[in-house]
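Please examine the sequence and the model together before reading on.

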Amino acid sequence: MADPTWLGTISALSGTVLGGVIAAAAQSVRDRRTRRYQSEARWEKAFVDGVAEFLSASDAEFRALRRLHQASPGDERWHGLRNDADDAVEEAERKSNVVSLLSGGRTHPVRVASRMMREALRELQAAAHDGTVLSENEVDDVRRRWTAAREDLLRLVQGIYASHGRHPRGRALHERLSSARAARSPGPDRRE
């Protein structure tokens, strides 16, 4: 027959081992959740930063193209304005590529919206490379289409991530996009 002291010892040891296994499993689940949350937060931060930088670069691109179309090809500063516009277009293209990379597939709504913004300014860019100066009405038409596409992109990104408002990062995203929107409004450039 078994010694009763051994039964107590074995029972206590098995309880300790079982408790340790349960605690390790619970910690593992917590660690995985924490890593997933941190990974999502890093991706969302990179995505929001990418969208904000793209919006800023697109604003600068529009202003540079508009300044170029306000000058005439015979103007002595036209070549400098054209170089500035080309640089702004390249910068906006790089930022657009980051948004495309982070948003995923070709049909992702954010990627489509950013592409629509780029397409709206291509008319100004193409005319600049041809040496054609567009009328104010044509530039205003492009501005209206670009502004509408820009607003669609902002609403889309805010709508996607405002639904994640259960976390402080959702509110932070909303605040970041709102401040970027206010700071980089497509209105007239005060420096001109």
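## Basis and overall architecture

Contact here means heavy atoms within 4.5 Å. Among contacts in the chain between residues at least 6 apart in sequence, 74% join residues at least 24 apart. The model is predicted, and local features need pLDDT of at least 70, side-chain atom pairs count only at pLDDT 80 or more, and totals for chains, interfaces and linings use all residues. Residues are numbered from 1 along each chain as its sequence is written, and side-chain values use heavy atoms, with hydrogens and water left out.

The chain contains five helices and zero strands, in the order α-α-α-α-α along the sequence. These elements are DSSP runs numbered from the N terminus, helices being H or I of at least four residues and strands E of at least two. Of the 192 residues in the chain, 32% are buried; buried means under 20% relative accessible area, exposed means over 50%, and partly exposed lies in between, with a 1.4 Å probe and protein chains only.

## Helix α2

The buried residues of α2 are Trp78, Leu81, Ala85, Ala88, Val89, Ala92, Ser96, Val99, Ser100 and Ser103. An α-helix has 3.6 residues a turn, so residues three or four places apart point the same way.

## Packing of α2 against α3

Helix α2 (residues 78–103) packs with helix α3 (residues 109–130) at an angle of about 165°, and their axes are 11 Å apart. Axes are lines fitted to C-alpha atoms, for helices over the stretch in contact, and angles run from 0 to 180 degrees between N-to-C directions. The angle makes α2 roughly antiparallel to α3, a term for angles over 145 degrees, whereas those under 35 are roughly parallel, 65 to 115 roughly perpendicular and the rest oblique. The crossing of α2 past α3 is left-handed, in that the near helix is turned anticlockwise from the far one by less than a right angle.

On the α2 side, the contact is made by Trp78, Arg82, Asp86, Val89, Ala92, Glu93, Ser96, Val99, Ser100 and Ser103. On the α3 side, the contributors are Val110, Arg111, Ser114, Arg118, Arg122, Gln125, Ala128 and His129. These residues divide into six nonpolar, six polar and six charged. In this scheme Ala, Val, Leu, Ile, Met, Phe, Trp, Tyr, Cys and Pro count as nonpolar, Asp, Glu, Lys and Arg as charged, and the others, Gly among them, as polar.

## Individual residues

Glu93 belongs to helix α2 and is partly exposed, at a relative accessible area of 26%. Beyond its neighbours within four places in sequence, Glu93 is in contact with Arg118 and Arg122. Glu93 and Ala57 are 36 residues apart in sequence, with 8.5 Å between their C-alpha atoms.

Ser100, also in α2, is buried, with a relative accessible area of 14%. Its C-alpha atom is separated by 9.7 Å from that of Phe47, 53 residues apart along the chain. Val98 of α2 counts as partly exposed at 37% relative accessibility, and its C-alpha atom is 9.4 Å from that of Glu53, 45 residues apart in sequence.

In helix α3, Arg115 is partly exposed, with a relative accessible area of 31%. The C-alpha atoms of Arg115 and Ala149 are separated by 9.0 Å, the two residues being 34 apart along the chain.
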